[in-house]
Amino acid sequence: MQLRATFRTCRVVVVCSTLFKNGPQTCKWLYQGKRKYSFMPDDVKSLRTVVNPDISKIRNIGIMAHIDAGKTTTTERMLYYSGYTRALGDVDDGDTVTDFMVQERERGITIQSAAVTFDWKRYRINLIDTPGHVDFTLEVERALRVLDGAVAVFDASAGVEAQTLTVWRQADKHQVPCICFLNKMDKPAASLSFSIESIKKKLKANPVLLQIPIGIGKSFAGLVDLITNQRMTWQGKTREEDGRVFETKPLSQSDDPELLQEAKEARVALIEQVADLDDEFAELLLGDYSENFDAVPPLKLQQAVRRLTLARKGVPVLCGSSLRNKGVQPLLDAITAYLPAPNERHHDLARWYKDDLCALAFKVLHDKQRGPLVFLRIYSGTLKPQSAVHNINRNSTERMSRLLLPFADQHVEIPSLTAGNIALTVGLKQTVTGDTIVSSKASAVAAARRAQNEGEGERRRGKGGGEQSSLVLAGVEVPDPVFFCSIEPPTMSKQTDLENALTCLQREDPSLKVRLDPDSGQTILCGMGELHIEILHDRIRREYGIETHLGPLQVAYRETILQSVFTTDTLDRTVGERRHMVTVGLDVSPVPDPSDATSCDITWEEEVKGHLSADLREAVENGVQSAYLQGPLLGYPVQGVSTAIKSVTMEPGTSLAMVSACVSRCMLKALKKARGQVLEPVMSLEVTVGEEYLSPVLGDLAQRRGGIRDIQSRHDDKVLLASVPLAEMMGYSTVLRTLTSGNATFSLQLDSYQAMNPQEQSSLVNRMAGLS
């Protein structure tokens with residue numbers, strides 16, 4: 001029976017039995033809760049268009065920035081103005097929609113990227129709020145991998161900060177078009193010109209200024225839209241004013257003469273900049289409006305800015321104050337106007353699947369009742385519940401039981417979802433981050449055939465394209481962990497529960513690595529930083545009810561060698577009645593740049609390579625790679641080493657495993673002779689501190705073996721850029737707070753691995769051996 005209910009407060013019509021499977025309970029919850037689901041318009045014409053809007057009306061975007069720039073507050077305002085929430089959430093009060101984890105609300109930071117879906121002026125916006133802390137940079141990476149556009153939020157008083165630079169590079173890597181939003185224009189130190197200059201210098205981007213502020217600091221009242229030449233003013237000066245109502249009117253001669261002059265100059269500069277970057281707009285300008293730039297139609301200018309943004313030749317810049325509820329609605333308009341729809345981003349792989357399903361799993365969450373929840377970005381085809389899907393990476397078929405639309409920690413069940421959308425699925429128990437999901441194995445084979453045919457066609461036309469392209473979507477690049485510590489359950493009876501918890505957490509967070517120490521038998525937890533490990537420990541305690549004990553945090557060092565060595569080794573062993581005998585000769589030598597983590601390579605003497613079968617060559621390479629995993633000094637992974645295989649001789653019947661073992665033993669002997677060198681992770685540190693506290697901070701860094709790269713001025717503060725060994729940064733946040741009376745902030749990220757000096761290395765080796 002179909003149940004219809006009309007709620008005057010929400011002014012929506014809910015077709016419960018069609019859209020929701022929970023019937024009256026869901027309707028009751030929707031009515032009583034504080035959230036209004038704006039994807040259901042007043043006049044529901046077709047459920048298909050409600051759930052699956054036209055692909056040109058979809059925007060998949062992310063909010064990215066340095067920590068405390070205002071990402072979550074901006075997201076909260078977007079949800080409020082779009083009608084998804086009825087009350088403005090606040091990070092300080094711990095009641096925002098996207099920061100729903102207990103740890104996020106306690107600390108006032110974003111830890112996990114959270115997805116929300118809402119409508120804005122006939123457009124569907126799938127938005128992901130990403131973390132700003134460097135320990136959770138993988139969350140930003142995997143969000144940007146599946147998004148079509150991004151909004152970079154800046155603190156207008158600080159401009160480009162350390163983590164802003166990191167997330168911008170990630171967006172560049174994935175060729176994601178961006179919009180810049182200069183937030184916190186109400187701060188006394190806010191500066192439009194300073195922020196624009198820092199975007200040019202530090203991000204090497206081309207900012208296209210679309211708005212100028214009316215007033216700065218406490219006098220910030222609104223902005224002038226340079227596209228339409230209109231002024232927008234918000235009346236409220238306090239946070240209590242919700243910012244829904246604002247006045248929009250054309251600039252007129254009655255306005256402030258200084259503002260008029262500034263707006264006129266800024267608009268002329270905008271038109272000239274766009275004409276320099278866009279040939280089509282330049283032709284229009286020279287042909288029809290060469291004598292009067294003011295007559296340029298706003299629509300033509302907007303279309304030109306959109307072309308620049310999609311081609312990544314320019315970055316639109318807007319301004320506002322999310323906390324004071326000013327400037328967010330124009331930002332939403334800019335998202336729909338300038339950022340691309342899914343069909344405007346070209347994914348070669350999707351065209352081979354045509355109308356068949358092709359999707360990428362980019363995030364996994366664990367729910368105690370429903371099990372793993374897998375986020376999918378759909379590139380082609382349609383996703384439906386109760387259907388079997390094929391995982392190409394795992395070569396397995398799974399049945400998806402339910403299909404949901406993500407609303408932070410709340411989810412709404414839907415009957416189907418088409419290409420361009422982001423879905424949340426229940427029932428995919430083997431799928432992990434980075435897996436490619438298709439409708440069936442036959443679909444993958446058909447796509448492979450199309451890709452091969454296209455490759456052959458290109459070869460015949462002389463365009464190359466020799467090899468068959470991969471049918472797997474590019475996954476997510478996971479950075480290596482830099483911190484590790486042991487983790488132990490309170491009792492042996494809890495060991496199985498702990499292993500299960502760690503397995504679930506690893507599926508959620510690929511940057512978490514768990515390994516077993518072969519010597520002590522302890523479980524080792526490897527993470528991206530102190531905060532990362534602390535959050536994981538807290539989650540195990542709260543979510544899985546296990547009071548674990550963490551050992552002291554340790555640093556993940558690397559090892560390399562200082563000189564070239566040639567070594568031979570012979571393995572002669574009889575197993576049963578079979579004799580295995582192999583002799584290996586190899587040469588190890590240091591590479592010019594040992595700090596390059598990917599710099600371990602293997603070369604062959606041509607004569608040796610030609611005499612060995614493919615299986616034997618693979619066995620030899622496996623032996624070399626296994627030796628790279630454990631260095632001769634402290635047992636850390638080896639990098640910056642080149643191995644040349646000079647000779648391999650063996651008796652008939654020798655097994656491949658014995659060949660690998662002999663090569664591994666020979667490698668270990670060579671590495672020990674080649675004088676080992678420990679490489680330590682060196683961090684790039686940025687400290688923002690008042691000038692009166694600069695001296696004690698510099699003195700403290702000198703004691704930590706820090707090297708000062710630069711000291712910059714940012715208004716009344718000093719920005720200290722330094723390189724410091726990670727081993728010296730344990731507990732730095734507490735020390736910095738003490739030195740500056742809590743008036744300094746810092747950010748830390750991995751820069752490179754560098755050789756330790758002999759005294760420090762000797763001290764470390766003795767300490768690890770228990771001699772000091």
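Predicted model: local features only at pLDDT ≥ 70, side-chain atom pairs only at ≥ 80, totals over all residues.
View 1. Helices (H or I, at least four residues) and strands (E, at least two) are DSSP runs, numbered from the N terminus. Turning to its neighbour, helix α19 (residues 656-673) packs on the sheet and touches β30, β31 and β33 (contact means heavy atoms within 4.5 Å). The direction of α19 makes about 145° with that of β30.

**View 2. Here is the open sheet itself, with four strands in the order β30-β31-β33-β32.** Its pairing is mixed; two strands pair if DSSP finds at least two bridges between them. The edge strands, β30 (565-575) and β32 (601-604), each pair on one side only. From one strand to the next, the twist averages 30°.

**View 3. Zoom in on β30 and β31, which run antiparallel.** Eleven bridges join β30 to β31 (residues 578-590). Look for valine 565, which stands opposite valine 588 in β31.

**View 4. Now meet helices α11 (residues 298-310) and α12 (residues 328-338).** Their axes come within 9 Å and cross at roughly 70°, which makes α11 roughly perpendicular to α12 (65 to 115 degrees). Among the residues that meet are Gln302 and Val305 in α11 and Tyr338 in α12.

**Notes.** Residues are numbered from 1 along each chain as its sequence is written. Local features need pLDDT of at least 70, side-chain atom pairs count only at pLDDT 80 or more, and totals for chains, interfaces and linings use all residues, while side-chain values use heavy atoms, leaving out hydrogens and water.

Conventions: Axes fitted to C-alpha atoms, helices over the stretch in contact; angles between N-to-C directions. Parallel < 35°, antiparallel > 145°, perpendicular 65-115°, else oblique.
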